[in-house]
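Let's take a walk through this model together, one chain at a time. Keep the 3D view open as you read.

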Amino acid sequence: MLRITCPFCGERDYTEFRYGGDATKPRPVHGTSSSQAWHDFVFLFDNPKGPHREYWQHVLGCRQWLVLDRNTATNTVGDSHVPREVAAK
Amino acid sequence: MSSRYSALSLARHALSDAPWPRAWGGAEPKPSYEVLVIGGGGHGLATAYYLAKNHGIKNVAVLERAYIGSGNVGRNTTLVRSNYVIDGNTQFFEHSLQLWEGLSHELNFNVMLSQRGQIVLAHGPAQHDVLARKGNIMRLNGIDAELLDRGDVMRILPYLDYSDEARFPIYGGLLQRRAGTVRHDAVAWGYARAATELGVDIIEGCEVTGFVMTEGKVTGVETTRGRILAGRTAIAVAGHSSHLAAMAGLRLPIESHLLQAFVSEPIKPFVDHVISFGAELFYISQSDKGGLVFGGHIDGFNTYTQRGQFPKVQTVAECAVALIPSISRIRLLRHWAGIQDMTPDGSPYIGRTPLRNLYIDGGWCYQGFKATPAAGWCLAHTIAHDEEHPLNRCYALDRFERGGELDDYGIGNWTYKQ
């Protein structure tokens, strides 16, 4: 069982969370009119085999979003972060 | 190398002590080929076979990292069917089913197609209406479909839960009699054998580590067994499509997820059809060895581990018992996971890529196995003509830029995340 540490609630089974996708893709600036930029943001993925930084939401807990480091080749879980702290860096 | 199989050759061999020879020829890599196919699974081997058979291109090599058939062609639940709704999917998967129907004769290898029929269940009137619409679309395309009411389903599948306590009461269903199962390993072996007889090189234990690019064109690959040049190169690697594409500098609309499958201990013949539950993603059939073969939904997050998470085992077991209470005491014999390349609209990619001389077959989501013959057939056509066949024109890699989604579920993009 994959276990994820919520920065607010502590370590829980992954079934309490919902996967939210790649957290490293920069969202186009609000008002960007290029459909190519939005296409790339919405549809294209690096989908790496190895280290991956991703969003999860603690839907059956505090409902907060978090950023998790996980290795997709092994499912080894690293650190969890509060998204606004990741964004501020 | 093998000779042609026939009743006479079987009888003759039965009289000798010699073991059966290996059915396909292994090969050492040559410095260059006209076409390279990366991936020795069902799709890659089928592509090589149809390149040689339909297009006369025989200077072809299939590169396989491990051994042929070690990937998803041996990890699926062996179902074949053509009950789709959207134009494009409907015609493509029906073409595939028609190729399945002639495949054992075509390859001179018994793939054990068993057209036992597939029944998709409806658990309420609205769902029954959706199945009626689906059946009508199939029939308008010349595909067999029969709408069943509750009484029909009770007669055909008497062992389902029809009690008042059933969590999801059975309202009716849609039957496609031509759907069924195939022995999946035989598909890899059959295509490999037929392709090598036409002159294709199958190179096992050869992992691609990079692409050779000349003036923006792909002109070959770097492998663990050296550089191999090629006029045209195709990627057919299922769950690792993104991984290979990244070596060529491409990003794909794909996330790799896990799908688990299960086999129970063998029991006497019981489930005579393929049954799809309508209340969850769950399907069940019985293998010739007697094991109940079933599967469910993907685990829900991207991973390449080929090891499933336990909560999905529980969900699938709950579906099985909700549908067929009498199997509650049957034990699981084996359970495994395959890596699926999930796409935004749930439909695949077959065709050219932004790079010249590089082609792709990938993004198969839940449906790669049943597509094997038609995927190989269409990719071979695309490589030979450097242009898509009408059957796979809808599977372009850039369709999201043009609003060309093929959303067969009719619920918008990211069906697998909803």
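This is a predicted model: local features need pLDDT of at least 70, side-chain atom pairs count only at pLDDT 80 or more; totals for chains, interfaces and linings use all residues.

The C-alpha trace of chain A spans about 40 × 30 × 25 Å along its principal axes. Of its 89 residues, 16% count as buried. If you take the contacts in chain A between residues at least 6 apart in sequence, 48% of them join residues at least 24 apart.

Now for the place where the two chains meet. Here 16 residues of chain A are in contact with 20 residues of chain B. On the chain A side, that makes eight nonpolar, six polar and two charged residues.

Over in chain B, let's pick out two helices, helix 3 and helix 9. Here they are side by side:

| Helix of chain B | Residues | End-to-end C-alpha distance | Expected span |
|---|---|---|---|
| Helix 9 | 14 residues | 20 Å | 20 Å |

Still, helix 3 of chain B has a kink of about 45°, centred on Glu101(B). Its buried residues include Phe92(B), Phe93(B), Leu97(B), Trp100(B) and Leu107(B). What do the buried residues of helix 3 of chain B pack against? The partners are strand 3 (79–80), helix 4 (125–140), helix 6 (184–197) and helix 9 of chain B. Just after helix 3 of chain B comes Asn108(B), with a positive phi of about 55°.

Twelve of its 14 residues are buried, so helix 9 of chain B is largely enclosed by the rest of the structure. Among those buried residues are Gly376(B), Trp377(B), Cys378(B) and His381(B). The residue that follows helix 9 of chain B is Asp386(B), and its phi is positive too, near 50°.

So how do you describe the way two helices pack? You give the angle between their axes and the distance between the axes. Helix 3 of chain B brings Phe92(B), His95(B), Ser96(B), Leu99(B), Trp100(B) and Leu103(B) to the contact, while helix 9 of chain B brings Pro373(B), Ala374(B) and Trp377(B). By class, this contact has seven nonpolar, two polar and no charged residues.

One last stop is Glu405(B), in the segment after helix 9 of chain B. Is Glu405(B) buried or partly exposed? Glu405(B) has 17 other C-beta atoms within 10 Å, so it is partly exposed; a buried residue would need 20 or more. Leaving out residues up to four places away in sequence, Glu405(B) touches Asp345(B), Arg399(B), Phe400(B) and Asn413(B). Glu405(B) and Pro344(B) are 61 residues apart in sequence, but from C-alpha to C-alpha they are 8.4 Å apart in space.

Notes
Residues are numbered from 1 along each chain as its sequence is written. Chains are lettered from A and ligands numbered from 1 in the order in which they are written. Axes are lines fitted to C-alpha atoms, for helices over the stretch in contact, and angles run from 0 to 180 degrees between N-to-C directions. Helices (H or I, at least four residues) and strands (E, at least two) are DSSP runs, numbered from the N terminus. Two residues are in contact if their C-beta atoms, placed from the backbone, lie within 7 Å. Ala, Val, Leu, Ile, Met, Phe, Trp, Tyr, Cys and Pro count as nonpolar, Asp, Glu, Lys and Arg as charged, and the others, Gly among them, as polar. The bend at a residue is the angle between axes fitted to the seven residues ending there and the seven starting there. The expected span of a helix is 1.5 Å times one less than its number of residues.
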